[in-house]
Amino acid sequence: MTASSGPERGATTLLAVLLLAAYPTLAGETSVGVSSGQYGLRAGLPHEVGFQVDLRAPWKWGPVRPVLGVLAGSSGGGYLFTGLVLDLPLPWGIQVSPGFAPGVVLSQGNRDLGSPIEFRSSIELSRQIASPVRLFVSFSHLSNGGLTHHNPGVETLMFGFEVEPPG
């Protein structure tokens with residue numbers, strides 16, 4: 001077994017730094033979401049493992065809340081985003097959360113998204129399994145929204161958990 005190098009090591013390092021940076025917020029009011037899954041879903045385009053960490057602010061405007069996060073691919077790509085999520089409760093303790101978050105490409109990895117500015121639209125389905133933990137599945141699409149002629153976009157399918165502040 002060989003140690004990872006190049007882009008994979010960069011993505012792993014980025015994820016480790018973000019997890020360490022997020023650790024103090026676990027004691028505060030900010031919730032933290034951690035997920036992993038498929039980065040790139042379309043046939044004929046690169047597929048890789050994706051990792052995502054997001055901080056979900058303690059304040060809300062009704063069902064709307066801000067979010068700040070980073071998405072990293074196993075080939076070394078990285079994307080930093082901030083935006084808004086709409087939390088909508090459904091029956092049986094389920095919650096659906098569509099969101100929109102513009103952001104910047106930190107590193108390309110093995111894909112060129114066409115622009116340093118990208119837009120992330122997402123939808124998440126979650127359920128609290130035990131306080132303070134929610135499990136979720138999320139789907140997102142990353143695209144430059146036509147800012148440049150080259151606009152391949154990329155989709156993700158992630159599974160994860162959110163640790164919510166006690167309340």
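Me: Over how many bridges do β6 and strand β7 pair?

Reply: This is a predicted model, in which local features need pLDDT of at least 70 and side-chain atom pairs count only at pLDDT 80 or more, whereas totals for chains, interfaces and linings use all residues. Residues are numbered from 1 along each chain as its sequence is written, and side-chain values use heavy atoms, with hydrogens and water left out. Strands are DSSP runs of E with at least two residues, numbered from the N terminus, while helices are runs of H or I with at least four residues; two strands pair if DSSP finds at least two bridges between them. Strand β7 covers residues 117–130, and its antiparallel pairing with β6 extends over 11 bridges.

Me: Which residue in β7 is the bridge partner of Phe 100?

Reply: The pairing of β6 with β7 is antiparallel. Within β7, the partner that bridges to Phe 100 is Ser 121.

Me: How many bridges join strand β4 and strand β6?

Reply: Strand β4 spans residues 78–86 and strand β6 spans residues 94–107. Val 85 has Gly 99 in β6 as its bridge partner. The two strands run in the antiparallel sense, and the number of bridges is six.

Me: Which residue takes a positive phi in the hairpin of β5 and β6?

Reply: Strand β5, residues 88–89, pairs with β6 in the antiparallel sense over two bridges. Here Pro 89 stands opposite Gln 95 of β6. Four residues lie between the strands of this hairpin, and the one with a positive phi, near 65 degrees, is Trp 92.

Me: Is Glu 162 buried or exposed?

Reply: Glu 162 belongs to strand β9, residues 154–163. A residue is buried under 20% relative accessible area, exposed over 50% and partly exposed in between, using a 1.4 Å probe and protein chains only. Because its relative accessible area is 4%, Glu 162 is classed as buried.

Me: What is the length of the polar contact between the side chains of Glu 162 and Ser 31?

Reply: Leaving aside residues up to four places away in sequence, Glu 162 touches several residues (heavy atoms within 4.5 Å), including Ser 31, Arg 56 and Phe 136. A polar contact is a pair of N or O atoms within 3.5 Å; within protein, one must be able to donate a hydrogen and the other to accept it, and residues adjacent in sequence count only if both atoms are side-chain atoms. For the side chains of Glu 162 and Ser 31, the value is 2.7 Å.
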